[in-house]
Amino acid sequence: RYLQGQLGVPLVEASRAEPSENCIAWLDVQVPAKAEVLRFLDSGGARPPREALAVLYFGQQLEPNITELVVGPLPRPAYHRDVTVRKYGGKVPYHRRPVTGREYAEINALILRELKKAPLFLTACCESDGTDLVTLTTAPRGFRSGDRLTWFVLFHNVAGTGYYLSPVGLEVLVDHSDLHASQWQLRKVFYNGRYFASTGDLEQEFVAGALEVVRLKQPQADAVLGSMKPRRPPGPPGPLQFEPQGPRYSVRNNHVTFQGWSFAFGMNPNTGPRLFDIRYRGERIVYELSLQEALALYGSNCPGGMSTRYLDGSFGIGRFAYELVRGLDCPYTATYVHRHYLAETDTPKTNQNSLCIFEHDSGLPLRRHFSDSQSFYYGGLRRNALVLRAISTLINYDYIWDFLFHPNGAMEVRVHATGYISSSFLHGRGTDYGNRVGPHTLGTMHIHHIHYKVDLDVDGQLNSLESQDMEYEFVKDPWSAQNTIERPHLRRERLEREDEAAFPLNVPLPRYLSFVSPNPNKWGHPRSYRIQVISFAGKHLPTTSSMERSVSWGRYQLAVTRRKEEEPTSTSIYNQNDPWTPTVAFADFINNETITSQDLVAWITVGFLHVPHAEDIPNTVTVGNSVGFFLRPYNYFSEDPSVDSPDSVYLSSEQDAGACGDNPLACLSSAAACAPRLPPFHFGGFLNL
């Protein structure tokens with residue numbers, strides 16, 4: 001309301017706005033500067049004013065542009081300031097804006113009008129009049145800055161199943177660069193390996209008998225490729241996890257506490273989950289841990305597939321994190337949290353129960369030992385962890401975002417990929433780019449690369465980076481000097497500049513990489529946290545590519561830079577539609593500055609190559625499709641802090657193992673004597689669609 005009354009220009013609701021009009025594209029909270037936050041949290045300073053970041057598309061101006069405004073203070077705004085030039089060095093060109101729902105609707109209407117110019121062909125190829133076909137966008141949209149030409153792939157649409165596995169072989173190139181939809185044009189048509197100037201030309205070739213047509217039957221819902229409907233009646237229920245005496249964690253607004261851990265969580269509508277002020281035993285370990293981007297880059301011998309490089313932040317990783325299914329996406333008794341966003345509308349939307357928090361029993365000891373020598377005893381601790389989870393559905397793929405907090409002071413970040421594969425119509429040498437997974441369906445190869453920002457503050461803000469690895473040294477045994485011993489030797493090195501701390505993708509990392517404090521632990525070693533990356537990333541886009549700088553974060557599996565307020569994110573949502581002149585290029589962050597005793601940020605890339613295969617039908621499974629990283633204490637403490645856990649178990653040959661007072665495991669039979677009262681199942685996830 002403030003913006004509508006203060007800007008002096010007409011604002012149309014984004015869901016109705018034409019490209020030639022002005023609108024508020026989306027809003028989010030404006031994250032305050034770190035120095036302001038720490039003065040408030042740590043030094044009793046003033047609370048930073050709560051402000052909003054408003055992103056506006058100004059199409060109705062002499063120079064159409066994207067403008068970012070900070071508006072405050074909330075909840076009663078009284079000022080706004082334009083931060084676009086400060087953030088990006090200049091105005092953001094209008095062609096870089098993400099495609100809105102209204103723009104997609106206009107494109108689909110254009111495609112349908114053009115399809116109606118080939119009625120005989122559509123009947124022959126697809127048993128269709130065009131109205132039962134659906135389109136799938138690709139991106140980026142062209143080959144040079146200013147382009148807005150998008151290939152759209154057409155599929156049979158069958159209610160209740162994923163259309164992504166039913167391509168009909170038809171793809172169209174749409175030019176939607178003009179501000180007026182009436183001027184948009186269909187520039188090219190592709191069918192079964194051939195290119196045509198228009199759907200009229202396609203129809204002409206078909207009528208002349210000069211076109212090879214693959215005649216597809218209209219798929220039936222009960223037999224369509226990729227149906228997820230159960231094929232067997234339900235069996236007995238599986239194991240159920242529950243808390244006999246209620247949750248052992250606390251969630252208050254967006255603040256979580258659990259067995260020494262505390263953190264605040266949020267959800268950016270574009271880039272997804274982010275955590276702040278992560279502390280263990282009252283000490284801040286991480287100031288910010290946030291998802292930055294998810295890249296999916298495809299190969300195919302069809303134009304749509306071969307040109308697809310999705311940057312999912314521009315579509316809305318947080319916005320499309322929908323309601324979680326109780327008992328499947330998360331444990332039945334988890335705590336479920338609503339998330340709110342405002343994007344392409346003037347009224348906020350709520351994704352109910354779209355984030356969950358739960359304590360997870362991995363069924364594995366965190367540590368244990370059975371002593372059968374000298375004295376007989378057993379000691380151990382279950383590997384329980386607190387999990388924060390959200391799941392984003394980005395067109396066909398579902399990404400499960402997990403953040404885990406372990407009782408030994410370690411954090412774990414991981415992402416699982418599931419959902420439907422994307423596919424192309426199988427023709428020619430299609431299997432050079434994937435595997436055949438259906439009668440006419442090619443599962444197209446692709447890479448998933450995910451980028452994270454980790455602003456570690458290990459025992460204070462001023463940290464250095466240390467690597468440790470092993471070498472063998474060959475020495476004569478000192479007691480006789482007659483024999484050679486191959487002795488492992490520890491090589492320690494302080495990395496002093498950013499260029500040294502930028503580790504290329506798919507080149508082995510030093511086995512130990514740690515953010516180190518200048519302060520020692522009890523044993524004289526620097527208090528440190530180790531970064532341990534678990535990844536199977538594919539190859540990064542060649543640096544000779546005209547769009548590589550827009551994803552240059554993917555050059556590195558790990559890069560450590562000095563923290564700067566003017567480098568808050570490794571990419572931009574505007575990079576998707578103009579990757580040739582990226583709004584943010586991560587490669588520019590690395591300029592060989594010193595990283596000794598500085599406030600540092602670790603930027604981490606994880607990912608995997610996926611060559612779809614028959615077992616990806618109907619969906620890619622999470623088994624084996626998980627990557628991530630650990631942040632582990634390394635000499636940060638004087639011993640494993642989990643020794644203080646009340647869940648610790650110790651049994652000796654002299655004690656009564658069945659005594660509840662001495663052994664918490666002996667208490668379970670009485671504590672869990674009754675089944676928990678479960679809330680009734682409810683799912684409202686389709687309400688906002």
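Visitor: Is Glu412 buried or exposed in this model?

Guide: The model is predicted. Buried means under 20% relative accessible area. Glu412 has 9% relative accessibility, so this residue counts as buried.

Visitor: Which residue pairs with Glu412 in a salt bridge?

Guide: Side chains of opposite charge can pair when their charged atoms come close. Here the partner of Glu412 is Arg414, with 3.4 Å from N to O. Arg414 has a relative accessibility of 21% and therefore counts as partly exposed.

Visitor: How many salt bridges does the structure hold?

Guide: There are 42 salt bridges in the structure. One of them joins the side chains of Arg81 and Glu51, at 3.2 Å from N to O.

Visitor: What are the relative accessibilities of Arg81 and Glu51?

Guide: Arg81 has 37% and counts as partly exposed. Glu51 has 9% and counts as buried.

Visitor: Which salt bridge involves Arg102, and where does the pair lie?

Guide: The side chain of Arg102 meets that of Glu106 in a salt bridge of 3.2 Å, N to O. Both residues belong to helix H4 (residues 101-115), and they are four residues apart, about one turn of the helix. Arg102 is partly exposed, at 25% relative accessibility.

Visitor: Which residues are linked in a network of salt bridges?

Guide: The network links Lys34, Arg563, Asp455, Asp457, Asp599 and Glu565.

Visitor: Which residue does UniProt list for a modified residue, and where does that residue lie?

Guide: The UniProt record, an unreviewed entry, lists Tyr397 for "modified residue: 2',4',5'-topaquinone". In the model, Tyr397 lies in strand E20, which covers residues 397-405. Its relative accessibility is 3%, so Tyr397 counts as buried.

Visitor: Which residues is Tyr397 in contact with?

Guide: Neighbours within four places in sequence are left aside. The contacts of Tyr397 then include Tyr298, Tyr420, His446, His448 and His610. Ser392, Ala417, Thr418, Ile421 and Thr620 are also in contact with Tyr397. With His448 there is a polar contact between side chains, at 3.4 Å.

Visitor: Which side chains make polar contacts with the side chain of Ser290?

Guide: The side chain of Ser290 has a polar contact of 2.8 Å with that of Glu288. Another polar contact, of 3.0 Å, joins the side chains of Ser290 and Gln292. Ser290 is in strand E15 (residues 283-298). With a relative accessible area of 2%, Ser290 is buried. Leaving aside neighbours within four places in sequence, Ser290 is in contact with Pro273, Arg274, His451, Tyr452 and Lys453.

Visitor: Where is the place of Ala587, in terms of strands?

Guide: Ala587 is in the loop between strand E31 (556-562) and strand E32 (600-610). Not counting residues up to four places away in sequence, Ala587 touches Arg549, Ser552 and Arg555.

Visitor: How many residues apart in sequence are Ala587 and Tyr280, and what is the C-alpha to C-alpha distance?

Guide: Ala587 and Tyr280 are 307 residues apart in sequence, and their C-alpha atoms are 33 Å apart in space.

Technical notes
Residues are numbered from 1 along each chain as its sequence is written. This is a predicted model: local features need pLDDT of at least 70, side-chain atom pairs count only at pLDDT 80 or more; totals for chains, interfaces and linings use all residues. Side-chain values use heavy atoms; hydrogens and water are left out. UniProt positions are given in the numbering used here, feature names are shortened, and annotations may be inferred rather than shown by experiment. Helices (H or I, at least four residues) and strands (E, at least two) are DSSP runs, numbered from the N terminus. Buried means under 20% relative accessible area, exposed over 50%, partly exposed in between (1.4 Å probe, protein chains only). Contact means heavy atoms within 4.5 Å. A polar contact is a pair of N or O atoms within 3.5 Å; within protein, one must be able to donate a hydrogen and the other to accept it, and residues adjacent in sequence count only if both atoms are side-chain atoms. A salt bridge is a side-chain nitrogen of Lys or Arg within 4 Å of a carboxyl oxygen of Asp or Glu.
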